[in-house]
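Have your viewer open and your selection tool ready. We will go from stop to stop, with something to select at each one.

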Amino acid sequence: MTDITAVKTKYAAEIEAASDLKSLDDIRVAALGKKGEVSMMMRGLGKMSVDEKKVMGPALNGLKNDIAALVETRKSALELDAMNAALASETMDMSLPIDVSMGTLHPVQQVMEEMAVIFSDMGFSVAEGPDIEDDFHNFTALNFPPGHPARDMHDTFFMVADEGEEQKVLRTHTSPVQIRTMINQKPPIRIIAPGRTYRCDSDQTHTPMFHQVEGLVIEEGTHMGHLKGVLMDFVSAFFETDVDVQFRPHHFPFTEPSAEMDVRYERDGAAIKIGQGDKWMEILGCGMVHPNVLRACGIDPEVYQGFAFGMGVDRLAMLKYGMPDLRDMFAADTRWLGHYGFSPLLQASLATGLS
Ligand code: PHE
């Protein structure tokens with residue numbers, strides 16, 4: 001019995017003295033690991049008489065549990081210390097006067113501004129719509145009939161509806177802004193709609209909130225050639241180099257015909273170089289606006305045609321500025337923002353360079 005008390009006192013002192021998680025775990029292994037001191041003592045039970053076992057069994061079990069509990073308590077304390085140390089060393093004084101040179105534009109904001117500059121040079125204006133949408137604007141008017149399987153692909157976040165109210169959704173794309181614009185404006189229409197979009201998806205290349213830029217042109221005599229021309233000019237301006245593109249047939253309910261546009265790229269070590277190379281990467285969806293969509297907005301498809309396109313801003317920002325993980329974009333870590341952010345005083349412009 002004295003053995004047990006001595007062993008407990010010894011480990012209790014060691015555990016208390018452990019100054020980091022690694023040394024604490026070494027102590028745990030020395031006591032309770034497979035070949036640990038307490039484990040070896042328990043193995044000795046087999047050679048004891050029944051009477052001895054009755055006493056030593058519970059005592060050794062108690063020793064094991066006591067040491068395990070002491071390790072756990074010390075572990076929580078050490079983890080708390082580590083957290084407090086990180087909080088203290090990474091703390092920011094919010095009461096300091098603002099140093100303008102420290103504030104930066106988020107790369108997503110920068111890229112949306114670059115896009116606005118490029119498209120406004122082609123005669124587009126910027127339109128906006130709400131993040132919380134109704135079914136009509138997000139789906140039905142865009143030619144997704146109720147129950148259509150294409151709705152499932154959107155991993156929609158549904159809002160809780162008030163009694164008797166229609167259930168709203170977080171918009172799954174910026175395409176509802178097309179609908180709002182066509183209902184409120186007469187053609188000719190040339191808009192881009194940058195903004196937040198939401199889908200229930202999260203991994204290295206998907207975040208539940210992300211950004212898209214939508215484009216819409218409605219004008220008599222518009223055809224696929226205009227769509228291709230606009231998008232080809234856009235990517236070369238955006239990546240600030242000659243970019244080879246290809247259009248692949250695709251399907252969207254709201255465009256017909258529909259296509260995805262790929263850009264050429266090559267790998268240079270870990271970096272990706274857009275423009276030339278032997279590989280293709282998809283960067284946007286597009287197509288001629290479906291007659292049903294025009295009709296839903298009160299526009300006569302016999303008179304007016306148009307095209308639309310939509311692209312993910314975050315991924316384009318990652319490709320242009322070489323960020324490895326999408327999730328970092330929205331972690332609000334000031335070190336990341338300091339590294340990847342842009343000066344708010346330098347406006348993107350075609351004359352002086354975009355970035
Ligand atoms: N809204 C589509 C999406 O989110 C993109 C798109 C927009 C495709 C406009 C074609 C035309 O996937």
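Start by selecting Asn292, which is partly exposed at 32% relative accessibility. Here buried means under 20% relative accessible area, exposed means over 50%, and partly exposed lies in between, with a 1.4 Å probe and protein chains only. Asn292 sits in helix 9 (residues 291-296). Helices (H or I, at least four residues) and strands (E, at least two) are DSSP runs numbered from the N terminus. Now show the side chain of Asn143: a polar contact of 3.1 Å joins it to the side chain of Asn292. A polar contact is a pair of N or O atoms within 3.5 Å; within protein, one must be able to donate a hydrogen and the other to accept it, and residues adjacent in sequence count only if both atoms are side-chain atoms. For a distance check, pick the C-alpha atoms of Asn292 and Leu319, which are 27 residues apart along the chain and separated by 35 Å.

A word on what you are viewing: this is a predicted model, in which local features need pLDDT of at least 70 and side-chain atom pairs count only at pLDDT 80 or more, while totals for chains, interfaces and linings use all residues. Residues are numbered from 1 along each chain as its sequence is written, and side-chain values use heavy atoms, with hydrogens and water left out.

**Next stop: the ligand**

Which residues come nearest to the ligand? Select His173, Ser175, Arg199, Gln212 and Gly310, which come nearest of the 14 residues around it; a residue is near if one of its heavy atoms lies within 4 Å. Look for a ligand nitrogen 3.0 Å from a side-chain N or O atom of His173. Ser175 places a polar side-chain atom 2.9 Å from a ligand nitrogen, and Arg199 has one 3.0 Å from a ligand oxygen. On its own the ligand has 320 Å² of accessible area, and the protein covers 91% of that (Shrake-Rupley method, 1.4 Å probe).

**Next stop: helix 4**

Select residues 50-89. At 1.5 Å a residue, the 40 residues of helix 4 should span 58 Å, and its end C-alpha atoms are 58 Å apart, which agrees. The expected span is 1.5 Å times one less than the number of residues. Zoom in on Met56, where there is a kink of about 30°, shortly before the proline Pro58; the bend is the angle between axes fitted to the seven residues ending there and the seven starting there. Met56 is also one of the buried residues of helix 4, which include Leu60, Leu63, Ile67 and Arg74.

**Last stop: salt bridges**

How many salt bridges are there? The count comes to 18, taking a side-chain nitrogen of Lys or Arg within 4 Å of a carboxyl oxygen of Asp or Glu.

- Select Glu37 and Lys10, whose closest N and O atoms are 2.7 Å apart. Glu37 lies in helix 3 (residues 37-43) and Lys10 in helix 1 (residues 2-17), so the pair ties together parts 27 residues apart in sequence.
- Select Glu260 and Arg248, which meet at 3.1 Å, N to O. Glu260 is in strand 7 (residues 255-268) and Arg248 in strand 6 (residues 245-252), so this bridge ties together parts 12 residues apart in sequence. Glu260 is buried at 13% relative accessible area, whereas Arg248 is partly exposed at 29%.
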